[in-house]
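Let's read a model together, one feature at a time. Have the viewer open and follow along.

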Amino acid sequence: PVKRTAMGRVRHEGVVFAPIQEGRPLVAYSGDDARFEYIYKFVTARPYQAGTTNGDILDEGTLYVARFNDDGSGEWIALVQGQNGLTAEAGFPDQATVLVHARLAADLVGATPMDRPEWGAVNPNNGDVYFNLTNNSRREEADAANPRAPNRYGHIVRWAEAGGDHTATSFTWDLFLLSGTTEESSFNGQPLTDEQIHN
């Protein structure tokens, strides 16, 4: 095993890759599987080259954390020392500190705390990204991306990167699915309709 510190030290629940394109950076998404933690994206510094690229490509790149805005827009905030408030004065004297303390860095830059982000998937046809939020019995205040408090059953959030480019720093998102019983689930504060219920 090789530590890939550039991808951040968090409780990675797995890593899913965007479709690989020759001559373009690799893009990897991961969730930090804990209550009120974050969804991350890693974009490699070097492009993928068939036949020569190996796992070392994951040693250099930019780590981003997601902010889900209430209006359905989203931002990928770079966790880079010297940017977005990640300064020595704030306790981040170098990039190694940012990466080893990625959770604290994500707190500082104002990422959206999620309900235990776990696995993800990328639609190979249109590039949409799906991420499962398992549950969060400790959530007391709902927000747009985590619409139930407490969240006993979990949900799935979906987003599309700007221009269909997985290296983009902005996206649009929506709630793809809310899990749970028909009696206890709701969608945007409203009862589920027959169309929203899947058995």
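Q: How many salt bridges does the rule give?
A: Side chains of opposite charge can pair when their charged atoms come close. Here the count comes to 13 salt bridges, each a side-chain nitrogen of Lys or Arg within 4 Å of a carboxyl oxygen of Asp or Glu. This is a predicted model, where local features need pLDDT of at least 70, side-chain atom pairs count only at pLDDT 80 or more, and totals for chains, interfaces and linings use all residues. Residues are numbered from 1 along each chain as its sequence is written, and side-chain values use heavy atoms, leaving out hydrogens and water.

Q: Which residue forms a salt bridge with Arg24?
A: Asp165 does, with the closest N and O atoms 2.9 Å apart. Another pair, Asp33 and Arg116, also meets at 2.9 Å, N to O. Both Asp33 and Arg116 are buried (under 20% relative accessible area; exposed is over 50%, partly exposed in between; 1.4 Å probe, protein chains only).

Q: Which residues have the most contacts inside the largest nonpolar core?
A: In soluble globular proteins, nonpolar side chains tend to be buried together. A core joins buried Ala, Val, Leu, Ile, Met, Phe, Trp, Tyr and Cys residues through side-chain atoms within 4.5 Å. The largest has 23 residues, and Tyr40, Leu63, Val65, Leu79 and Leu86 have the most contacts inside it.

Q: Which residues link up with Arg4 in a network of salt bridges?
A: Asp56 and Asp59 join Arg4 in that network. The Asp56 and Arg4 side chains meet at 3.4 Å, N to O.
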